[in-house]
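Please keep both in view while reading the points below.

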Amino acid sequence: AAELRSWASRMSQIFLRDFKPEDATAVNEIALAAFDQFRDSYDDWPGFGARIGQMSALSENGEIVVAVADRELVVGAVAYVGPNQPKASFFRPEWPIMRMLVVSPSARGRGVGRLLTEECLSRARRDGATQFALHTSSVMEVALPMYLRMGFKFHSSAPPIHGVEYGVYLREIDA
């Protein structure tokens, strides 16, 4: 019976919607759970983890999109920051960007990350952008190859985060 429930939960539909304030705890917990596998890569995990655990604060200058499964269970999230909104100096101001794509470990392998990325690209089109950027690291062994398959290309190095090298990846946006 447990196998059948597990199979049924993997097959449930994923929906995207805008973040609501009541999602904050779930989003913050998923962010920590999603990054936990990388804790040994960062030289100050407690400091970095404290920032990761406040992902919901990105709603202050961006749009957080959440992925929900059965009965509004939040299983993933990403922050979209539009053109000319405040962002790190290694991004051009006119670039829309995405930050902190996170998927609950229990929901991985279901296309949640790709759906969230596609939604950010859709919002960039809505905003009239011709390019879209993100930053990631080679330690992200699932995310980085997905971004490359989706047409992102390495653009430049970004400052390391707690000892982990990061790069800026850019994608042209088709109309």
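Asp 174 is partly exposed, because its relative accessible area is 43%; partly exposed means between the limits for buried (under 20% relative accessible area) and exposed (over 50%), with a 1.4 Å probe and protein chains only. This is a predicted model, in which local features need pLDDT of at least 70 and side-chain atom pairs count only at pLDDT 80 or more, while totals for chains, interfaces and linings use all residues. Residues are numbered from 1 along each chain as its sequence is written, and side-chain values use heavy atoms, leaving out hydrogens and water.

**Salt bridges**

- A salt bridge is a side-chain nitrogen of Lys or Arg within 4 Å of a carboxyl oxygen of Asp or Glu, and by this rule there are 9 salt bridges.
- Asp 174 forms a salt bridge with Arg 125, with the closest N and O atoms 3.3 Å apart.
- Asp 174 lies in the segment after strand E7 and Arg 125 in helix H4 (residues 112-126), so this pair ties together parts that are 49 residues apart in sequence.
- Helices (H or I, at least four residues) and strands (E, at least two) are DSSP runs, numbered from the N terminus.
- Arg 125 is partly exposed, with a relative accessible area of 30%.
- Asp 174 also meets Arg 171 in a salt bridge (3.6 Å, N to O), and Arg 171 is buried, with a relative accessible area of 13%.
- Salt bridges that share partners join Asp 18, Glu 63, Glu 119, Arg 123, Arg 126 and Asp 127 into one network.
- The side chains of Asp 23 and Arg 17 form a salt bridge (2.7 Å, N to O), and both residues are buried.

**Strand E7 and its partners**

- Strand E7 is largely enclosed by the rest of the structure, because 7 of its 9 residues are buried.
- Two strands pair if DSSP finds at least two bridges between them; strand E5 (residues 131-136) and E7 run antiparallel and are joined by 6 bridges.
- Within the pairing, Thr 136 has Gly 167 in E7 as its bridge partner.
- E6 and E7 also pair in the antiparallel sense, over 6 bridges, and Lys 153 stands opposite Leu 170 in E7.
- E6 and E7 form a hairpin with 2 residues between them, and His 162 in the turn has a positive phi of about 45°.

- Trp 45, Phe 48, Gly 49 and Ile 52 are buried in helix H3 (residues 45-52).
- These residues cover an arc of only 100° around the axis, which puts them on the same side of H3; the arc is that of the directions from the helix axis to the C-beta atoms.
- On the other side of H3, Pro 46 and Arg 51 are exposed.
- Asp 43 lies in the loop between H2 and H3 and counts as exposed, at 62% relative accessibility.
- Leaving out residues up to four places away in sequence, Asp 43 touches His 162 and Gly 163, where contact means heavy atoms within 4.5 Å.

**Nonpolar cores**

- A nonpolar core is a set of buried Ala, Val, Leu, Ile, Met, Phe, Trp, Tyr and Cys residues joined through side-chain atoms within 4.5 Å.
- The largest nonpolar core has 34 residues, of which Phe 35, Tyr 42 and Val 102 touch the most other members.
- Helix H2 gives the most to this core, with 6 residues.
- Apart from this core lies another, of 26 residues, among them Ile 14, Val 103, Val 112 and Tyr 147.
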